Amino acid sequence: MEIRTATTADLAQIAQIEAVCFPTAEAATPLSFAQRLQSYPNHFWLLLDGDVMVGFVNGMVTDEPDLRDEMYEDAGMHNENGAWQMIFGVDIIPDYRCRGCAGKLLSHVIQEAKIQGRKGLVLTCKEPLLHYYGKFGFVSEGISQSTHGDVRWYQMRLTF
């Protein structure tokens, strides 16, 4: 398997994977992804198995310590020199789940953030995934301010 950064040519496939991985209320739109790919393509990582796009992780960089709902839709909030790598989504297609693919991507993103000199990474997740992200060193900070998709999210932080 190979990890590479995304390009605008990957947009349609990215949008398809997002639609499979998240309910409509929580899923990013193709327009949002297009804006993210324009603003921070080097913070949008794809996992490929040959010609198959297995999944992706994406998110902006910011000096703001907490992930806010506005960040999902406003790619202009990205600050390449920011302290925190935000993670907006960890998407893996169903046929590749429970095979270590998300872990491979997350480990790569964590290493990239270290190399880039970030303070760490921040993500939000639903309660059943707290333990999973904890295995990578993320620590729960409790219920997030995010109400994205009218869901209860927990903010997790990995600090270097």
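## The largest pocket

A pocket is an open set of grid points, each of which a 1.4 Å probe fits, with protein on both sides within 12 Å along at least five of seven lines. This is a predicted model. Its largest pocket has a volume of about 710 Å³. Rolling a probe the size of a water molecule over the atoms shows where empty space is left.

The lining of the largest pocket counts 33 residues. Nearest the centre lie Phe22, Val90, Asp91, Leu129 and Tyr133. Elements that give two or more residues to this lining are α1 (11–21), α2 (30–39), β6 (89–92), α4 (101–115), β7 (120–125) and α5 (130–134). The largest share, 4 residues, comes from β6. By type, the lining has 21 nonpolar, 5 polar and 7 charged residues.

In soluble globular proteins, nonpolar side chains tend to be buried together. Here the largest nonpolar core has 37 residues. Ile14, Phe44, Ile87, Leu121, Tyr133 and Phe138 have the most contacts inside it. Helix α4 gives the most to this core, with 7 residues. A second, separate core has 11 residues, including Met71, Tyr72, Trp84 and Phe88.

What does Ile14 touch, not counting residues up to four places away in sequence? Its partners are Ala6, Phe33, Leu37, Phe44, Leu46, Met53 and Phe56.

## Thr62 in strand β4

Thr62 sits in strand β4 (residues 61–62). Thr62 counts as buried because its relative accessible area is 4%, and the cut-off is under 20%.

The Thr62 side chain reaches the backbone nitrogen of Glu64 at 3.0 Å. Leaving out residues up to four places away in sequence, Thr62 touches Met71, Asn79, Gly82, Ala83, Trp84 and Met86. Of these, Met71 and Trp84 belong to the second core.

Note on methods. Residues numbered from 1 in each chain as written. Predicted model: local features only at pLDDT ≥ 70, side-chain atom pairs only at ≥ 80, totals over all residues. Heavy atoms only, no water. 1 Å grid on protein atoms, 1.4 Å probe; cavity = no way out; pocket = protein on both sides within 12 Å on 5 of 7 lines; lining within 4 Å. Points joined across faces, edges and corners; volume = space filled by probe spheres on them. Nonpolar A, V, L, I, M, F, W, Y, C, P; charged D, E, K, R; others polar. Buried < 20%, exposed > 50% of the residue type's maximum accessible area, 1.4 Å probe, protein only. Polar contact = N/O pair within 3.5 Å; in protein donor to acceptor, adjacent residues only side chain to side chain. Contact = heavy atoms within 4.5 Å. Core = buried A, V, L, I, M, F, W, Y, C linked by side-chain atoms within 4.5 Å.
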